[in-house]
Amino acid sequence: MTKKYLSESIKLGSQDLIVETGKVAKQADGSVVIRYGDTMLLVAAVSARTAREGLDFFPLTVEYRENSFAAGRIPGNYFRREGRPGEKEILTCRLIDRPIRPLFADGYRFETQIVASVISSDAENDPDVIAITGASCALYLSDIPFNDPIAGIRIGLIEGKYIINPTFDERRESKLNLIVAGTEEAICMVECEAEEVEESIMVEALMLAHREIKRLCLWQKELGKALNITKREFTVPELDAHIVADVEKTWTDKLRTALDSTGREKIEVYAGLDALKKEVVESYPEDDPGARATAGKAFGQLKEKIFREDMLTNKRRPDGRKFSEIRPITAEVGWLPRVHGSSLFTRGETQAIVTTTLGTKQDGQFMDDLEKGTIDRRFMLHYNFPPYSVGETGRIGSTSRRETGHGNLARRAIQSVLPDEEEFPYTIRIVSDITESNGSSSMASVCGGILSLMDAGVPIKKAVAGVAMGLVMEGNRYAILSDIAGAEDHYGDMDFKVTGTEEGITALQMDIKIGGINAMILQEALEQAKKGRMHILEIMDKAIAEPREEISPYAPRIITIKIHPDKIRDVIGKGGSVIRSITEETGAKIDISDDGTILIATPDGDAAEAAIARIRALTAEAEIGETYMGTVSRIVDFGAFVEILPGLDGLLHISEISDRRVKDVRDELKEGQQILVKCIGKEGNKVKLSRKAIIAEEKGKGEPEGDE
């Protein structure tokens, strides 16, 4: 069937958002080219016609790629072609997946793939939020049963003014980098980093974003009408009502008892639930696998029903805590003796070993970037989630998308409180190894990361803590939960993670499954999160209140010196020979910036002093009025050139050689002769010397003092 061509635009922020379909990738179920400024993406979506049997999840995959050609560049790797996705691409895949996945009908088991490719980049507009809207358009303007379009918006905050879809330059000035995705009815997903933004400002920004999202969703619906799209038929499979009623009648009391985790560990609770589910399933005939499968699904539904009923009607959490209560926390620092900084942070049954390592500029992470080509990241945070942390076995290989996402959230939470590079010229790497998990290991990584930074002597501006929050809501009834555990995360209607200092929010992440969450509820939830954050900060303060005055003896000492930029070539030498010899002789790492800033790093103080002495000798400049022991390097008719510093010659004019008239320079000086000279002038790179001034001074010292 020939697809109808359509191209439409809508004003968004300062520019037009343009969507074109029916021209490119027409064999995909749905495809669009979406453009904002000169940034363009091709987004295609395909959903299989046959369901995959035996799955208990929706098989959706999202791929996002930033092609180097989009910015007029050739990839810098060995193969000169795009390879495995980078961190930015993985995070954007998650930005697309998280709001879209819950909007497909329960029971939809048709393999679905979304592929978003950046095909033009103007280095001003970030393609990530455009990709969210583009993915929705590709799905909605197709026959795939995706019936509720979404859109993505970025909000910035510059000098108290909100900016819709700020450019890269505007984001560098902004106190807020907020990405929001949602439907016409509700916000679905939030990702944010901020510089201590107040809760009320965050709520205002969220509401502004949703107003823009509503416009884009209504616009997509108009596009759908213009194309007269007919969706595939899909009926949500219903469970046998008799079996569902029987499971509920027979097993409710036992299941409620099994769900009660008061005073019990997660492993014990989960084992009890698994055993009870097995008992429920096996209560149906072995020769009726359909009934057994239905009983298993009915058991899961009953678990959710009991959880929500206890929360909203009985006002009780599974472990008996108050809604605002934080689980017991312990924090230790200096736990590992040979690392630069370490902490062991435990909250309930979630635990993280977090370390900080300090390095030099050479240890920074170089990353491909559409805007700048290559960026050098001086702060890294890596998050690891081994299977033993939840009592399971599993393959340990490359970093998962989930690990990348959690690490990025923790990195953004801490980024704004790090010292400036001029103040602390180190590359910083934090590693968070999760050793136990039952609720928000990413927030444990934030708290443990701050403690390890202070233990390492990094002069952070303020301490940051994080807490995971949840919401259960039906109609006008709702419960806001602090420090959620596993079941509360799974069965709740919203989970959000908030990090910040005492002053304000530094990072925010939300996933929302329902509509009806208004500004009042968001404000209440953020205020409750703030109270939890303050409680955690108090406990962290008892472990270590301020950064240590000195960095670890095992960390490199970095000394900064400044030279004239014209002298950089003297330090580097031909083909790097000079700097290489200094490094080999002293063992110091040396980094040179274009402005003449030199960083010398070594744990050995003597080695550092030796390197500094070599560099000072290479870059020293003559000072007017100073006396030097120089070597005559060359004699000419009008004077002699004298080397007063390594590689630096000055002119000793024939008139300045002696206090008497000199007819021939060679009568007074020989090449290789060492003489005392005085610098009497400088013109650019030219240095004027005098021996006559030295002779006059010596004669003056020898004369008797006159009578007063």
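**Exercise 1. State how many helices and strands the protein has, and decide whether its fold is spread out or compact.**

Solution. The protein, a predicted model, contains 15 helices and 29 strands. Next, take the radius of gyration, which is 34 Å. For 708 residues the globule rule gives 27 Å, and the value for the protein is well over that, so the protein is more spread out than a compact globule.

**Exercise 2. Describe the burial, contacts, surface and charge of the protein as a whole.**

Solution. Start with burial: of the 708 residues, 51% are buried. Then turn to contacts with a separation of 6 or more, of which 68% join residues 24 or more positions apart.

**Exercise 3. Locate lysine 315 and serine 440 in the chain, and give the phi of each.**

Solution. Lysine 315 belongs to the loop that runs between α7 (289-312) and β11 (329-333). Its phi is near 55°, which is positive although the residue is not glycine. Serine 440 sits in another stretch, the loop between β17 (427-436) and α9 (441-455). Here too a residue other than glycine has a positive phi, near 50°. One further step concerns serine 440: is it buried or exposed? Its relative accessibility is 12%. The cut-off for buried is under 20%, so serine 440 counts as buried.

**Exercise 4. Work out which residues of α13 are buried, how they are placed around the axis, and what covers them.**

Solution. Helix α13 spans residues 577-586, and its buried residues are Val578, Ile579, Ser581, Ile582 and Thr586. Around the axis they cover an arc of only 160°, so they lie on the same side of α13. The general rule is that an α-helix has 3.6 residues a turn, so residues three or four places apart point the same way. The cover over the buried residues of α13 includes the helices α12 (568-572) and α14 (605-619), together with the strand β23 (589-592). To finish, look at the residue just after α13: this is glycine 587, whose phi is positive, at about 80°.

Technical notes: Residues numbered from 1 in each chain as written. Predicted model: local features only at pLDDT ≥ 70, side-chain atom pairs only at ≥ 80, totals over all residues. Heavy atoms only, no water. Helix = DSSP H or I, 4+ residues; strand = E, 2+ residues; numbered from the N terminus. Rg over C-alpha atoms; globule rule 2.2 N^0.38 Å. Buried < 20%, exposed > 50% of the residue type's maximum accessible area, 1.4 Å probe, protein only. Contact = heavy atoms within 4.5 Å. Arc of directions from axis to C-beta.
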